[in-house]
Amino acid sequence: MAFREINSKMVAATVLPGQRLFSQRGAMLAYQGDVSFTPSLQDGQGGLMSMIGRRAAGEATPLMTVEGSGTVFFGHGGHHVHVISLTGDTLYVEADRLLAFEGTLRQGTMFMGAQGGVMGLVRGQVTGQGLFTTTLQGHGCVAVLAHGGVFEIPVTPQRTVHVDPQAYVAHHGDVRNRLSTALGWREMVGRGSGEAFQLELSGSGTVYVQASEEKL
């Protein structure tokens, strides 16, 4: 694993020759060794067309390419940091939550309507993701940002998970998700997001939930 948790708000990343990391601009706190930081022109393995797609989508948090040999310490804004290890599947997460990730992962953009049609678009607005979200696919580690820490909830065929949309951080695996309403439309007036809307996740995978309804 490239990332080692120093405390709840900081991770250390090992940078090796011939390998690279990508980090959110402004996320570097300190480093040791011969390490370089350059603005990323391609934003991960997705390449130029993937970058253009994210720019058009508004899903365009600037990234830095990190290369060399040494150790880099990452954190941002005093937010809690959680490390996720991917073993070939796809992580769905909004770009603003990406602190850093390994260059072995392929970055892309997904239109929210591809997961649930019109309700997928509504879900994007309720969760704060907008019309598009970021995907990371392959083998490697990702460090994500959250408020108040993150806990993992397994999603299994026998157990459907319901999450407050504003507490949702990310998910991966063969997971289907849809936005459901817990109340009738007339009863929603004055209700909080978790009381009015819920994300219903089913299938097989993991959903990451922050211990707060505050967005980044």
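Trainee: Contact means heavy atoms within 4.5 Å. So much for the term; which residues does Phe3 touch, not counting residues up to four places away in sequence?

Mentor: Phe3 touches Val11, Ala12, Ala13, Leu21, Phe74, Val83, Ala100, Phe101, Glu102, Cys141, Val142 and Ala143. Keep the ground rules in mind: this is a predicted model, where local features need pLDDT of at least 70, side-chain atom pairs count only at pLDDT 80 or more, and totals for chains, interfaces and linings use all residues. Residues are numbered from 1 along each chain as its sequence is written, and side-chain values use heavy atoms, with hydrogens and water left out.

Trainee: What is the mean pLDDT of the chain?

Mentor: The mean is 80, and 72% of the residues reach 70 or more. pLDDT is the predictor's confidence in each residue, from 0 to 100.

Trainee: Where does it stay under 50?

Mentor: Residues 43-59 are one such stretch, with 37 contacts in the model beyond four places in sequence. Over residues 184-194 the pLDDT is also below 50, and that stretch has 12 contacts beyond near neighbours in sequence.

Trainee: How many helices and strands are there?

Mentor: The chain has 3 helices and 13 strands. Helices (H or I, at least four residues) and strands (E, at least two) are DSSP runs, numbered from the N terminus. Of the contacts with a separation of 6 or more, 81% are between residues 24 or more positions apart.

Trainee: Back to Phe3. Where does it sit, and is it buried or exposed?

Mentor: Phe3 is in strand 1, residues 3-7. It counts as buried because its relative accessibility is 3%. Buried means under 20% relative accessible area, exposed over 50%, and partly exposed in between (1.4 Å probe, protein chains only). By that cut-off, 50% of the 216 residues are buried.

Trainee: What does strand 1 pair with?

Mentor: Strand 2, in the antiparallel sense, over 4 bridges. Two strands pair if DSSP finds at least two bridges between them. The two form a hairpin with 2 residues between them. Arg4 has Ala12 in strand 2 as its bridge partner.

Trainee: Which residues have the most contacts inside the largest nonpolar core?

Mentor: Phe3, Val11, Leu21, Val66, Phe74 and Leu99, in a core of 18 residues. A nonpolar core is a set of buried Ala, Val, Leu, Ile, Met, Phe, Trp, Tyr and Cys residues joined through side-chain atoms within 4.5 Å. Strand 2 (10-15), strand 5 (63-74), strand 6 (80-93), strand 7 (98-102) and strand 9 (132-146) each supply at least two of its residues. In soluble globular proteins, nonpolar side chains tend to be buried together.

Trainee: What lies apart from that core?

Mentor: Another core, of 17 residues, among them Ile84, Leu91, Val142 and Ala146. Leu91 is in strand 6. Leu91 counts as buried because its relative accessible area is 0%. Its contacts beyond four places in sequence include Ile84, Leu86, Val142 and Tyr208. Leu91 and Gln137 are 46 residues apart in sequence, yet 6.3 Å apart in space, C-alpha to C-alpha.

Trainee: New topic. How many residues of strand 13 are buried?

Mentor: Strand 13 (residues 197-210) has 11 of its 14 residues buried, so it is mostly covered.

Trainee: And which way does strand 10 pair with it?

Mentor: Antiparallel, over 6 bridges, with strand 10 spanning residues 150-155. Phe151 stands opposite Val209 in strand 13. Strand 11 (residues 161-163) also runs antiparallel to strand 13, joined by 3 bridges. There, Val161 stands opposite Leu201.

Trainee: What is Val150 in contact with?

Mentor: His82, Val169, Tyr208, Val209 and Gln210, leaving aside its neighbours within four places in sequence. Val150 is found in strand 10. Val150 is buried, with a relative accessible area of 19%. It is 68 residues from His82 in sequence and 6.5 Å from it in space, C-alpha to C-alpha.

Trainee: Last one. How many salt bridges does the rule count?

Mentor: The count comes to 1. The rule wants a side-chain nitrogen of Lys or Arg within 4 Å of a carboxyl oxygen of Asp or Glu. Arg97 forms it with Glu94, and the closest N and O atoms are 3.4 Å apart. Both Arg97 and Glu94 are buried.
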